[in-house]
Amino acid sequence: MFSTAKVVLNFRVVDYGEAFDVALSRHYNAKRLNGKAGKRGGFVVGKCHDLAREFFTVLEKAGQSTNGLRLDRLPLSRFDCLIIVGKVATVIHDSQRKPIPKALHYSVVSELIGIKRT
C-alpha cells in the first residue's frame, strides 16, 4: 500500500453550509511517477484505476472531448474551471477497523461523480 505512487487532488467545499470552504483531499494510486514528485510531477495510471475512471466520467459529464487522451498524460488542469460533485465520507475507523474517537473523525472525498451545472 505505501510503496505505490500516489496522486493527490485537493478540493474545497463550495456549497454554503457548515462545511463551506473546508479543504478535502482525494488520494489515488498510480502505476508510477514520471519525473520528480510534486505539484508539477507526472504520473501514469492504468485504465482500471479510480483516477482514470473518475477523470473520464467527470469530463464526459462536462461535455468535454476525451479523444486522444493518454493515461500517462492526463491533464488534470481540465478540472480547474469545473465545479465537481463528489461523495464525501467521514472516516470513523482506522485501517485495522478500530474505532476512531469522535473528536478525531475526519472527512475525505470518496468518489467524484460529475459536475455541477450553473
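Reader: Is Glu111 buried, exposed or partly exposed, and at what relative accessibility?

Author: Glu111 counts as partly exposed, at 31% relative accessibility. Buried means under 20% relative accessible area, exposed over 50%, and partly exposed in between (1.4 Å probe, protein chains only). This is a predicted model, where local features need pLDDT of at least 70, side-chain atom pairs count only at pLDDT 80 or more, and totals for chains, interfaces and linings use all residues. Residues are numbered from 1 along each chain as its sequence is written, and side-chain values use heavy atoms, with hydrogens and water left out.

Reader: Which residue forms a salt bridge with Glu111?

Author: Lys87 does, with the closest N and O atoms 3.7 Å apart. The two sit in distant parts of the chain, 24 residues apart: Glu111 is in strand S6 (residues 106-115) and Lys87 in strand S5 (residues 84-91). Strands (E, at least two residues) and helices (H or I, at least four) are DSSP runs, numbered from the N terminus. Lys87 is partly exposed, at 44%.

Reader: What counts as a salt bridge?

Author: A side-chain nitrogen of Lys or Arg within 4 Å of a carboxyl oxygen of Asp or Glu. Side chains of opposite charge can pair when their charged atoms come close.

Reader: How many salt bridges does the structure hold?

Author: Six. One of them joins Arg70 and Asp72, with the closest N and O atoms 2.8 Å apart. Arg70 is partly exposed at 41%, and Asp72 is partly exposed at 27%. Salt bridges that share partners also join Arg26, Asp50 and Glu54 into one network.

Reader: Where is Arg26 found?

Author: In strand S2 (residues 23-30).

Reader: Is Arg26 buried or exposed?

Author: Arg26 counts as buried, at 10% relative accessibility.

Reader: What is Arg26 in contact with?

Author: Leave aside its neighbours within four places in sequence. Then its contacts (heavy atoms within 4.5 Å) include Val7, Phe11, Asp50, Glu54 and Glu111. The Arg26 side chain also reaches the backbone oxygen of Ser110 at 3.3 Å.

Reader: Is Cys48 buried or exposed?

Author: Cys48 is exposed, with a relative accessible area of 54%. Cys81 is exposed too, at 63%.

Reader: Back to salt bridges. Which side chain meets Asp21 in one?

Author: Arg12, at 3.7 Å, N to O. Asp21 is partly exposed at 42%. Arg12 is partly exposed at 48%.

Terms used. A polar contact is a pair of N or O atoms within 3.5 Å; within protein, one must be able to donate a hydrogen and the other to accept it, and residues adjacent in sequence count only if both atoms are side-chain atoms.
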